[in-house]
Amino acid sequence: MPKNSKVTQREQSHEHVTESVADLLAHEEPIDYKSSALNVGGAAGKKVPQIEVPENDGRPAWNSKLQYILAQVGFSVGLGNVWRFPYLCQKNGGGAYLVPYFILLLIIGIPLFFLELAVGQKIRRGSIGVWNYVCPSLGGIGMSSLMVCGFVGLYYNVIIGWSIFYFFQSFQYPLPWSDCPIRKNGTLAIVEPECEKSSATTYFWYRQTLNTTSTIAESGGLNIKMTLSLLVAWIIVCLAVIRGIASSGKVMYFSSLFPYVVLFCFLVRGLMLKGSVDGIAHMFTPKLEKMLEPQVWREAATQVFFALGLGFGGVIAFSSYNKIDNNCHFDAVLVSVINFLTSILATLVVFAVLGFKANIMNEKCVVDNAEKILGYLNSNVLSHDLIPPHVNFSHLSTSDYAEMYGVIKTIKEGSFTQLGLEPCLLEDELNKAVQGTGLAFIAFTEAMTHFPASPFWSVMFFFMLINLGLGSMIGTMTGITTPVLDTYKVQKELFTVCCCVVAFLCGLLFVQRSGNYYVTMFDDYSAGLPLTVVVILENVSVAWIYGTKRFMQDLEDMLGFRPYKIYFYLWKYVSPLCLIVLISATVIEMAISPPGYNAWVQELAHERFQSYPPWALAMCFSLIVVAMLPLPIVFIARRFNLMSDGSNKLSVSYRKTMMKDISNLEEQDEARFILGAKPGEAPLAVPARKAFLTPGGTKALDPNSLSPNSCYGTSYQNTAISPTTPTTPTTPATPESDS
């Protein structure tokens, strides 16, 4: 081989060669197999054509491993860690909920996260390309995940828009949601009745931020403030994604790390607040009987599923930009553990702050009810003899009030309800379950109004929410752009801008005055069931169609060591079974629970559950159907040869010839098959594969480790061509008989 050839240069530089056959062919015009350079069978002694390996396959790559890890962490750690996980802990037994969550993280979360990382890194394509390669009949998996990414991105960025609005409103003192507005009627000034019936933070959220209507059927027109906030959100996302991982990776340095700075600051500040220990103790006091309820395990499985971003395509897209020999098993464990610890950290912060808020509200309750009792004493409704002598109304403690409340309730048993006194128990305040937007935009904002320097903490909190949302949105958008750019030759920048413009226009649905109800609808129906179906098909296509043994061998070839055998059983049996149970439970839950939403009723100044009208109900189920529609369409179309296999990497003639012969690969010599030698002719010498570094040293991989019988498998398309020694004429061995 010439000394100045690229292969020779690579040998001399000792660089890792990670190009695969599919990657090399991806940049060539479709070839005819019979006339291709791969058909090198011929008489012995003919000069073997030189195969020049390019320096890279033209695919972008992460600048560093840290950048990649931060991108995966930023995608998986999102708003759900802050406002969904703490709510589930509170609802499902406090510390006891952590046990089923951790168990399901081990048997579902980490194995399936590892699977997605591995297939993305192996095949080096987005979700559409990956599943077209693994099994074209199930190529609709990638398209369904792309559809779900689109639906989720539409409403998820609306939440970022809300956070942006609150972020800019936080630069005021006092905070605009700290007090109820005053309505002036001539010389008379009264507190806004709707605010007085609810609270200042609740009023600001529903009336001044969303200006929401009372039903989903009443549009109310566009909310200009929210429309502008949504526009800003999409501009930020577009700028972060427009140049691919070159720009989004750098953004991740800040968007992934800054939330941890804020969470630690809030934790330190929260622990210094009165009552924070009560909140944390309430959180981690386990109610072990809850662990026996199936509902707790179902919600834990769902949270594990969504916390890691499985099925969205973002995980696959990010890993597709890795080197082929990257240790994705380490990445899967590391990102999963970071995600879990982040949820615990966020839960500590939330319950420290909510514990402080519960004490404030409990003290307020004591003061209000003490005033009622004083009024009853002055009007002789109650006797002064009922009040313990040590009680001092000017410095009334919660314990003194509890004692006084108990005495009055016992003596006035018949007429006690007419007094309208409340028990003012701290436990009741802590048990008020708040999740989602209610936690972030009502409960947490109300607690921050009692902080010293409240605007500073409010700015920090909502800036943290923006960064958490931005990290997830970058992953979601990458899950859309990467498979499309891999499949179709379009300009990246133009396509990204078009996606953002279209998404903003579609997102106008969510910035109507009734838009909050559509956010709830999309959150409940567009992702849950479709994503679960997508992930179980991913699991089945790898473990049962492609083959778990073959996949384990591919991992050994790729990583340089064989993963733990437990993964074989988890992928093959445990994970599919758990996912089937989860799908069944989800369908049953949807059938039992009446479809509806919590509407804000202005006259009553509180939320009330309302059922969806028929057209909205049809819209709910349409979201599920549209998201899963590519699965049967692609399956039927490819089953009856109505569409190509979706691969733009190999010509049809080459692939058909490959698939025809690969079915008998176990009886044939693999080297002779790949190199095109005819029966009876000596196979050509195959260059040695490169050695991979293993925990115990180096291990030379078998050059004939191509996996047979794959459903357009990843093995032959991604076999590394890594010549480590110059090809020298040798006397070939006599091939085995085909018989």
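The structure is a predicted model, in which local features need pLDDT of at least 70 and side-chain atom pairs count only at pLDDT 80 or more, while totals for chains, interfaces and linings use all residues. Residues are numbered from 1 along each chain as its sequence is written, and side-chain values use heavy atoms, with hydrogens and water left out.

**Exercise 1.** Work out what span helix H22 should have, and check it against the distance between its end C-alpha atoms.

*Solution.* Helices (H or I, at least four residues) and strands (E, at least two) are DSSP runs, numbered from the N terminus. The expected span of a helix is 1.5 Å times one less than its number of residues.

**Exercise 2.** Determine which residues of H22 are buried, and how they are arranged around the helix axis.

*Solution.* Begin with the term: buried means under 20% relative accessible area, exposed over 50%, and partly exposed in between (1.4 Å probe, protein chains only). On the face of H22 turned away from the buried side sit the exposed residues Leu494 and Leu505.

**Exercise 3.** Find how many disulfides there are, and describe the one that Cys180 forms with Cys195.

*Solution.* A disulfide is counted here as a pair of cysteine sulfur atoms within 2.5 Å, and this rule gives two disulfides. In one of them Cys180 is joined to Cys195, with an S to S distance of 1.9 Å. This pair links distant parts of the chain, 15 residues apart, since Cys180 lies in the loop between H8 and strand E1 (182-185) and Cys195 in helix H9 (residues 193-197). Cys180 is partly exposed at 23% relative accessible area, whereas Cys195 is buried at 1%.

**Exercise 4.** Decide which handedness the disulfide of Cys365 and Cys424 has.

*Solution.* The sulfur atoms of Cys365 and Cys424 are 1.9 Å apart. The torsion about their S-S bond is about -75°, so this disulfide is left-handed.

Notes: The arc is that of the directions from the helix axis to the C-beta atoms.
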